[in-house]
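Take a look at the sequence and the model below. Then read on for a short report.

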Amino acid sequence: MKQRAVIIYGPPGAGKGTQAELLVRRFQFIHFDTGRYLEQLFRDPSAEADPVLRKEKKLFDTGILCTPSWVLKIVSDATRRIAEAGFSVTYSGSPRTDFEAFGDDTNRGLLPLLEEMYGRDHIFIIMLEITPETSIERNSHRVVCSVCGLPILAEAKLQRCAFCSGPTRKRTLDDPEIIKVRLKEFADRTYPIIEGMESRGYTVKRIDGLPAPYKVHESVMKVLGISQ
Ligand SMILES: [Zn+2]
């Protein structure tokens, strides 16, 4: 299989993470999650010895955004290593800003790097579409495993994770009022990036995110040109 870079956007609850994980499980993609990657960097005890990491960790811990040029560098370095190791890569919900996607005069953005590593024809940008009502409905019922983090289907009404038997928990992000804020944030932040991508000649494929995840996965595969 030729290597691909797949960027998946969508409002909260659209199933970005699930679609990325399906690519991981079925096609050995690396799912690069910027937030989790940063957390891991900061958790490493050696972070304390590095003054730059220490400064960024303080920002992260207080809920302030880390320095964009630093995040871009971290993400770019990791992406380069993933590509050089011969893996396809997928991002869910990022790049989050025009700067992260395209950089500026002194910083090279993620998209130009992906073009170099994977080739423009192997970059796929997908928007999973659901209505605000579906987003609120799905998020207010979102349950995950407290150990492995896998989502638990609300309809299944399970107390334990089917994968690791860990106890399930409701995600705290998911109060209806908070979801409304996240929906607005999503629209304000993501639509301009999508427009920026389209104006630079990228095709953004819109996929209906309403069907069951395996059905949406079929649509994703069609976009990627992967046949069963
Ligand atoms: Zn589990």
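## Ser135

This is a predicted model. Ser135 sits in helix α7, which covers residues 132-140. Is Ser135 buried or exposed? Ser135 has 21 C-beta neighbours inside 10 Å. A residue counts as buried at 20 or more, so Ser135 is buried.

Which residues does Ser135 touch, leaving aside those within four places in sequence? The contacts are Pro11, Pro12, Gly13, Ala14, Ile130, Ile179 and Leu183. Pro45 is another matter. Ser135 and Pro45 are 90 residues apart along the chain, and their C-alpha atoms are separated by 38 Å.

## Helix α7

Ser135 is one of the buried residues of α7.

## The nonpolar core

In soluble globular proteins, nonpolar side chains tend to be buried together. Here, the largest nonpolar core has 30 residues. Val6, Ile7, Ile8, Ile126 and Leu128 have the most contacts inside it.

Which helices and strands each supply at least two residues of this core? The helices are α1 (16-27), α4 (68-84), α6 (110-118), α8 (176-199) and α9 (213-224). The strands are β1 (5-9), β3 (89-92) and β4 (123-129). The largest share, 5 residues, comes from β1.

Val6 shows how the chain comes together. Not counting residues up to four places away in sequence, Val6 touches Leu23, Thr90, Phe124, Ile126 and Leu224.

Notes: Residues numbered from 1 in each chain as written. Predicted model: local features only at pLDDT ≥ 70, side-chain atom pairs only at ≥ 80, totals over all residues. Helix = DSSP H or I, 4+ residues; strand = E, 2+ residues; numbered from the N terminus. Buried ≥ 20, exposed ≤ 12 C-beta atoms within 10 Å, placed from the backbone. Contact = placed C-beta atoms within 7 Å. Core = buried A, V, L, I, M, F, W, Y, C linked by C-beta atoms within 7 Å.
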